[in-house]
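Hello,

Here is the structure for you to look at. My notes on what was found in it follow below.

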Amino acid sequence: MSGTLNKVMLIGHLGDEVKIHYFEGGNCIARFPLATNETYTNRQTGEKVTNTDWHNIVVRNKAAEICEKYLSKGDKVYVEGRLKNRQWQGEDGNMRYTTEVHVQDFTFLTTKNESMANVQQSSGTPPQNNPSSSTAPEIPVDNTEEDDDLPF
């Protein structure tokens with residue numbers, strides 16, 4: 001096989017709010033850190049150990065605006081995309097390098113109630129039931145049932 005593949009799939013929690021930057025012409029780019037955890041038991045001590053890896057996530061244009069509107073720190077999200085390396089010269093004159101995940105597809109995994117709880121915990125306000133506030137887009141569902149002969 002002579003082809004190559006650059007594909008990343010991550011499920012993790014936002015480590016900060018989504019930061020968005022708009023360019024001339026209406027395009028935009030959003031960035032946020034995503035934490036993934038690996039948990040295992042240390043064989044010698046029997047202690048549970050959790051390692052956290054941080055990933056730099058980049059989302060563009062309409063998807064960036066959706067992420068900024070509906071995602072907040074602590075929310076769980078699935079992202080799928082490509083790894084890209086970037087380099088620049090820092091203010092101190094040294095070259096800086098970073099690896100980013102450029103998102104092609106994403107799915108919000110935190111429910112509306114969980115997201116509201118995250119926001120209220122970070123702001124210190126008591127939980128309130130507000131059915132009109134939403135943290136994820138409402139998608140109309142066709143509830144009409146059809147009779148079919150499928151066995152599942």
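**The core**

The largest nonpolar core has 17 residues, and those with the most contacts inside it are Phe-32, Leu-34 and Ile-57. Such a core is a set of buried Ala, Val, Leu, Ile, Met, Phe, Trp, Tyr and Cys residues joined through side-chain atoms within 4.5 Å; buried means under 20% relative accessible area, with a 1.4 Å probe and protein chains only. Two or more residues each come from β1 (8-14), β3 (28-41), β4 (48-60), α1 (61-70), β5 (76-89) and β6 (95-108). The largest share, four residues, is from β3.

**Basis**

This is a predicted model: local features need pLDDT of at least 70, side-chain atom pairs count only at pLDDT 80 or more, and totals for chains, interfaces and linings use all residues. Residues are numbered from 1 along each chain as its sequence is written, and side-chain values use heavy atoms, with hydrogens and water left out.

**The chain**

The protein chain has two helices and six strands, in the order β-β-β-β-α-β-β-α. These are DSSP runs numbered from the N terminus: helices are H or I with at least four residues, strands E with at least two. Of the 152 residues, 26% are buried.

**Aromatic pairs**

There are two aromatic pairs, meaning rings of Phe, Tyr and Trp (its six-membered ring) with centres within 6.5 Å; planes under 30 degrees apart count as stacked, over 60 as edge-to-face and the rest as tilted. The rings of Tyr-70 and Phe-108 are tilted, because their planes are at 50°, with centres 6.4 Å apart. Ring pairs link Tyr-70, Phe-106 and Phe-108 into a cluster.

Regards

Note on methods:
Buried means under 20% relative accessible area, exposed over 50%, partly exposed in between (1.4 Å probe, protein chains only).
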